Amino acid sequence: MASEELARKLQSRLAASEETETETEPKPALEENLAATKLPESSAACGDSSSELSAILNRRLDINEGNAPPRASRVFNPYTEFKEFSRKQIKDMEVMFKRYDTGKDGFIDLMELKLMMEKLGAPQTHLGLKNMIKEVDEDFDGKLSFREFLLIFRRAAAGELQEDSGLMALARLSEINVATEGVMGAKDFFEAKVQALSVGSKFEAEIREEKEERKKQEVEKKERQAAFKQLQSAFCS
């Protein structure tokens, strides 16, 4: 009896092992297929990571060696960079710029320039407006910063704009007079710069005049207040 029971157990174990082998035989083939399917994706990811890492390392190497292009800065001082114009002229240009910067973002875009040219009485086509911006758009952002706006008047004053161009029409039709104090009509910009440097002290004089004018206004205000109080006390008495 014991031998028969042992034989049955051995047969059942053999049958179970055969079933297990039958179920596990396709697995290696399946795993190979899955690995083969995923291989191109891993290779592509590895290639992308390698190229990205290579680009970062090359950029860092350029920075360390001083070969990386400098980043353009939007911060500038118009009074020191545009010395050919007086402080009053630059302030007038700033007032005009802010008047047409209806979005209040520090830029004049295509639609705001369109409105400006219409207000000045020299409407331009869509292509004409794009060409106007392109002519002074140093950072290629498709709009005019205040510095690029000043470049229009610099180029107009230096005689570098075409007579029939939209930018020349803007400079001429604006309320800013760059002929009396500026360098309008100068044939060469460097000659204009020499002329501007010869009157470098003019800026300091203008600053003093502005301070004196403010002091004068404050004194007059105090005098008016004193006169009003004196008149008020006279009525009360």
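Mentor: Gladly, and keep in mind that this is a predicted model. In α6, the buried residues are Gly128, Leu129, Met132, Ile133 and Val136. They lie on the same side of α6, because the arc they cover around the axis is only 135°.

What do the buried residues of α6 pack against? Their partners are α5, α7 (146–157) and α8 (166–173).

Let's take α5 to begin with. Helix α5 spans residues 110–119 and α6 spans residues 126–136; their axes are 10 Å apart and the packing angle is about 105°. The two helices are therefore roughly perpendicular. On the α5 side the contact is made by Leu110, Leu113, Lys114 and Met117, and on the α6 side by His126, Leu129, Lys130, Met132 and Ile133. By class, this contact of α5 with α6 has six nonpolar residues, one polar and two charged.

The other two partners also pack against each other. The axes of α7 and α8 cross at roughly 90° and come within 9 Å, which means that α7 is roughly perpendicular to α8. Here Phe149, Ile152, Phe153 and Ala156 of α7 meet Leu167, Met168, Leu170 and Ala171 of α8. The contact of α7 with α8 has eight nonpolar residues, with no polar and no charged ones.

Now for the core. The largest nonpolar core has 34 residues, and those touching the most other members are Met96, Leu113, Met116, Met117, Phe149, Phe153 and Leu170. Helices α4 (87–100), α5, α6, α7 and α8 are the elements that give two or more residues to this core. The most come from α7, with eight residues.

Met96 deserves a look of its own. Leaving aside residues up to four places away in sequence, Met96 touches Met116, Leu120, Phe149, Phe153, Leu170, Ser174 and Ile176.

One last stop is Glu94, which is found in helix α4. Glu94 has a relative accessible area of 28%, so this residue counts as partly exposed. Glu94 and Arg147 are 53 residues apart along the chain, and their C-alpha atoms are separated by 9.8 Å.

Note on methods:
Residues are numbered from 1 along each chain as its sequence is written. This is a predicted model: local features need pLDDT of at least 70, side-chain atom pairs count only at pLDDT 80 or more; totals for chains, interfaces and linings use all residues. Side-chain values use heavy atoms; hydrogens and water are left out. Axes are lines fitted to C-alpha atoms, for helices over the stretch in contact, and angles run from 0 to 180 degrees between N-to-C directions. Helices (H or I, at least four residues) and strands (E, at least two) are DSSP runs, numbered from the N terminus. Angles under 35 degrees count as roughly parallel, over 145 as roughly antiparallel, 65 to 115 as roughly perpendicular and the rest as oblique. Contact means heavy atoms within 4.5 Å. Ala, Val, Leu, Ile, Met, Phe, Trp, Tyr, Cys and Pro count as nonpolar, Asp, Glu, Lys and Arg as charged, and the others, Gly among them, as polar. Buried means under 20% relative accessible area, exposed over 50%, partly exposed in between (1.4 Å probe, protein chains only). The arc is that of the directions from the helix axis to the C-beta atoms. A nonpolar core is a set of buried Ala, Val, Leu, Ile, Met, Phe, Trp, Tyr and Cys residues joined through side-chain atoms within 4.5 Å.
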